[in-house]
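Here is a friendly walk through one model, told in questions and answers. Have the structure open and follow along.

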Amino acid sequence: MNGKSTPELTQNQIKLIAAASMLLDHIGAELLPGMLWLRIVGRLAFPVFSFCIWEGSRRTHHPRRYLTRVLGMGLLCMAVFWVYTGRLYGNILITFTLSLCVLYAFQFWKRRHGLSGALVLLGTLVGVAALCLCIPVDYGFWGVLLPLFAEIAALLPAKRLPEGVLSRLGFALGLIVVALRLGGVQMYSLLAVSLLFAYRGKRGRHNLGRFFYWFYPLHLLAIGLVSMVL
């Protein structure tokens with residue numbers, strides 16, 4: 001993807017855009033429910049972070065550590081939400097944890113191509129589907145599977161296509177499925193595809209990983225405190 005006519009964004013930049021859109025989305029949901037445009041802008045966040053989860057699953061040298069970090073932060077947010085509301089809810093980090101489980105199972109199957117690999121993949125999919133039926137999970141089962149569309153598309157022969165195009169096209173197809181399943185303002189999430197095609201696969205100058213891990217719980221805490229005061 002070396003075209004010179006389109007802007008080039010780093011992973012840090014698209015994640016910062018996604019984080020800002022998430023902040024606006026949650027402000028709209030909790031503080032300003034009458035301002036629909038905030039929810040529309042917020043639809044950019046999930047696709048961008050979901051795509052980065054797929055990339056992270058392929059690039060990390062420590063898959064278990066990566067999975068544990070996402071799961072740990074997700075469980076922390078889940079526990080706080082349960083204490084605050086008395087309800088179990090699988091937040092977006094739980095969604096991404098399940099996405100990683102599916103991706104790792106698929107990658108295991110790719111390496112094995114045997115009965116054991118197929119059983120691991122099938123068992124993971126069944127387990128994830130059952131969990132999504134037992135408790136509400138952000139974006140549901142198809143949201144969990146979204147990064148898998150990029151993983152599968154990346155296996156297809158690229159021929160003369162620039163690097164990364166197939167994975168983004170596959171991801172876009174999965175995003176259409178999710179948008180159609182959820183309906184409403186979720187259709188605006190398709191606008192995030194333009195960000196992904198402007199992204200060139202480079203992280204950026206600084207390692208902002210810890211910032212993005214802590215941004216999610218801290219911005220929710222801040223919005224919750226403001227909501228209590230108001």
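## Bridges, core and pocket

Q: At 16% relative accessibility, does C132 count as buried or exposed?
A: Welcome to a predicted model, where we start with a cysteine. The cut-off for buried is under 20% relative accessible area. C132 has 16% relative accessibility, so C132 counts as buried.

Q: And C134, at 64% relative accessibility: buried or exposed?
A: The cut-off for exposed is over 50%. C134 has 64% relative accessibility, and therefore counts as exposed.

Q: How many disulfides does the count come to?
A: A disulfide needs two cysteine sulfur atoms within 2.5 Å. For C132, the closest cysteine sulfur is that of C134, and because the distance is 9.3 Å it is too far for a bond. Looking from C134, the closest cysteine sulfur belongs to C132, again too far for a bond at 9.3 Å. The count of disulfides is zero.

Q: Which helices does the salt bridge between R39 and D25 tie together?
A: The side chains of R39 and D25 meet with N and O 2.5 Å apart. D25 is buried, with a relative accessible area of 8%, while R39 is partly exposed at 27%. The two residues are 14 apart in sequence, so the pair ties together parts of the chain: helix 2 (residues 36-41), which holds R39, and helix 1 (residues 11-30), which holds D25.

Q: Which residues are linked with D25 in a network of salt bridges?
A: Another joins D25 to R43, the closest N and O atoms being 2.6 Å apart. This second pair links distant parts of the chain, 18 residues apart, with R43 in the loop between helix 2 and helix 3 (45-59), and both D25 and R43 are buried. The residues networked with D25 are R39 and R43.

Q: How many residues apart in sequence are the parts that E151 and R58 tie together?
A: The structure holds six salt bridges, and one of them is between the side chains of E151 and R58, at 3.4 Å from N to O. E151 is buried with a relative accessible area of 1%, whereas R58 is partly exposed at 44%. Because E151 lies in helix 7 (residues 140-153) and R58 in helix 3, the parts they tie together are separated in sequence by 93 residues.

Q: Which helix gives the most to the lining of the largest pocket?
A: The largest pocket has a volume of about 1100 Å³. Of its 37 lining residues, H26, E30, F81, Y216 and L220 are the closest to the centre. Helix 1, helix 3, helix 4 (63-85), helix 5 and helix 10 (209-229) each supply at least two residues of the lining. The helix that gives the most, with 11 residues, is helix 10.

Notes: Residues numbered from 1 in each chain as written. Predicted model: local features only at pLDDT ≥ 70, side-chain atom pairs only at ≥ 80, totals over all residues. Heavy atoms only, no water. Buried < 20%, exposed > 50% of the residue type's maximum accessible area, 1.4 Å probe, protein only. Salt bridge = Lys/Arg side-chain N within 4 Å of Asp/Glu carboxyl O. Helix = DSSP H or I, 4+ residues; strand = E, 2+ residues; numbered from the N terminus. 1 Å grid on protein atoms, 1.4 Å probe; cavity = no way out; pocket = protein on both sides within 12 Å on 5 of 7 lines; lining within 4 Å. Points joined across faces, edges and corners; volume = space filled by probe spheres on them.
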